Amino acid sequence: MAFNAQGVLEERTFAGQFRQALGNTLAVLAEAGGRPEHIVRMTWYVTDKKEYLGAISEVGAATASWSARTTGDGVVQVAGLIEDGAKLEIETTAVIPG
């Protein structure tokens, strides 16, 4: 999800929540010694298909600095997420060489 370091969902736009969720994902990956190119799969759960499609250019801009992904491997529209106001959740699998 797109929580900040204090566990608060600050961002209200799809693109803003995506940037926060991506930043969280990359921070966890880095903590484990990984980099974006170690991501092998991402599944995005979005609450609004039109909002997702409308934010594609902003999503692309947020991922322009790394080559692993620009869109989710799988994008699933869901009726809602547990956190009020959440627009997306990203499930990520990474393989970090040992």
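User: Leaving aside neighbours within four places in sequence, what is Asp84 in contact with?
Analyst: With those neighbours set aside, Asp84 is in contact with Leu9 and Arg12. Keep in mind that this is a predicted model.

User: Where does Asp84 sit?
Analyst: Asp84 is found in the loop between β2 and β3.

User: Buried or exposed?
Analyst: Asp84 has a relative accessible area of 68%. Exposed means over 50%, so Asp84 counts as exposed.

User: How many Å separate the C-alpha atoms of Asp84 and Gly74?
Analyst: The separation is 23 Å, for two residues that are ten apart along the chain.

User: Switching to Asn4. Where is that one?
Analyst: Asn4 belongs to the segment before α1. Its relative accessibility is 11%, and buried means under 20%, so Asn4 counts as buried.

User: What is Asn4 in contact with, leaving aside neighbours within four places in sequence?
Analyst: Glu10 and Gln20 are the contacts of Asn4 once those neighbours are left out. With Glu10 there is also a polar contact, side chain to side chain, of 3.3 Å.

User: Now α1 itself. How many residues does it have, and how far does it reach?
Analyst: Helix α1 covers residues 14-31, which is 18 residues. From first C-alpha to last it reaches 26 Å, close to the 26 Å expected at 1.5 Å a residue.

User: Which residues of α1 are buried?
Analyst: The buried ones are Phe14, Ala15, Gly16, Gln17, Phe18, Ala21, Leu22, Thr25 and Leu29. On helices in general, residues three or four places apart point the same way, because an α-helix has 3.6 residues a turn.

User: How many bridges join β1 to β3, and how many join β1 to β2?
Analyst: β1 and β3 run antiparallel and are joined by seven bridges. β1 and β2 run parallel, with four bridges between them.

User: Which residues are the bridge partners of Val46?
Analyst: In β3 the partner of Val46 is Leu88, and in β2 the partner is Gln77.

User: What about Met42, which residue in β3 stands opposite?
Analyst: Thr92 is the one opposite Met42.

User: Salt bridges next. How many are there?
Analyst: The count is three. In general, side chains of opposite charge can pair when their charged atoms come close.

User: Which residue does Arg41 pair with?
Analyst: Arg41 forms a salt bridge with Glu91, and their closest N and O atoms are 3.7 Å apart. Arg41 is in strand β1 and Glu91 in strand β3, so this pair ties together parts 50 residues apart in sequence. Both count as partly exposed, Arg41 at 30% relative accessibility and Glu91 at 36%.

User: And Lys87, what is its salt bridge partner?
Analyst: The partner of Lys87 is Glu51, with 3.4 Å between the closest N and O atoms. This pair also links distant parts of the chain, since Lys87 is in the loop between β2 and β3 and Glu51 is in helix α2, 36 residues apart.

User: Is Lys87 buried or exposed?
Analyst: Lys87 counts as buried, at 18% relative accessibility. Glu51 has a relative accessible area of 26% and is partly exposed.

User: What meets Arg35 in a salt bridge?
Analyst: That would be Glu37, side chain to side chain, at 2.4 Å from N to O. Arg35 is partly exposed at 46% relative accessibility, and Glu37 is partly exposed at 45%.

Note on methods: Residues numbered from 1 in each chain as written. Predicted model: local features only at pLDDT ≥ 70, side-chain atom pairs only at ≥ 80, totals over all residues. Heavy atoms only, no water. Helix = DSSP H or I, 4+ residues; strand = E, 2+ residues; numbered from the N terminus. Expected span 1.5 Å × (residues − 1). Buried < 20%, exposed > 50% of the residue type's maximum accessible area, 1.4 Å probe, protein only. Polar contact = N/O pair within 3.5 Å; in protein donor to acceptor, adjacent residues only side chain to side chain. Contact = heavy atoms within 4.5 Å. Pairing = 2+ DSSP bridges. Salt bridge = Lys/Arg side-chain N within 4 Å of Asp/Glu carboxyl O.
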